[in-house]
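Hi,

Here is the structure I promised to pass on.

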Amino acid sequence: FKLYPNPANSGEPFYVEFPTANNLKGNIDNSILVVLLDQMGKEVYSSIIILQEDEVIIAFDPNEKLSSGMYFVIGSSNTEIYRHKLIIQ
């Protein structure tokens, strides 16, 4: 999946783009659990995303400013785990 902008500015939204449901290998129920973790592994955000045939782009607009540093965005389906590092400036 794609994560942009990266690095992102604190307090501004960033986006996660997932493959289409048709291209998501072996994902029977067409859903992905998305989790944002801080450097210590503490969950900052989580959501279940239902994938459709068209591309899926999720905007993360944190209610509170994220502190500067490194975060991890993890997307997991029935058969795949996707990971990206996110830098907040």
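Predicted model: local features only at pLDDT ≥ 70, side-chain atom pairs only at ≥ 80, totals over all residues.

Residues are numbered from 1 along each chain as its sequence is written, and side-chain values use heavy atoms, with hydrogens and water left out.

On confidence: pLDDT is the predictor's confidence in each residue, from 0 to 100. The protein chain averages 81, with 80% of its residues at 70 or more. Among its elements, strand β6 (residues 69-76) has the highest mean at 93, while strand β5 (residues 56-60) has the lowest at 76. Helices and strands here are DSSP runs (H or I, at least four residues, for helices; E, at least two, for strands), numbered from the N terminus.

Strand β5 also shows up in an open sheet of 3 strands, ordered β1-β2-β5 with antiparallel pairing. Strands count as paired if DSSP finds at least two bridges between them. The edges are β1 and β5, each with a single partner strand, so one side of each has no neighbour in the sheet. From one strand to the next the twist averages 15° (axes are lines fitted to C-alpha atoms, for helices over the stretch in contact, and angles run from 0 to 180 degrees between N-to-C directions). Between β2 and β5 there are 5 bridges, and F18 has V56 in β5 as its bridge partner.

Now the rings. Searching the whole structure gives 2 aromatic pairs. Rings of Phe, Tyr and Trp (its six-membered ring) pair if their centres lie within 6.5 Å; planes under 30 degrees apart are stacked, over 60 edge-to-face, and the rest tilted.

F1 and Y82 are edge-to-face, because their planes stand at 80°, with the centres 6.0 Å apart. F1 sits in the segment before β1 (2-4) and Y82 in strand β7 (residues 81-88), so this pair ties together parts 81 residues apart in sequence. F1 is buried at 18% relative accessible area, and Y82 is buried at 16% (buried is under 20%, exposed over 50%, partly exposed in between; 1.4 Å probe, protein chains only).

Y4 and Y15 are stacked, because their planes are at 25°, with centres 5.7 Å apart. Y4 belongs to β1 and Y15 to β2 (residues 14-18), so the pair links parts 11 residues apart in sequence. Y4 is partly exposed at 32%, and Y15 is partly exposed at 30%.

Cheers
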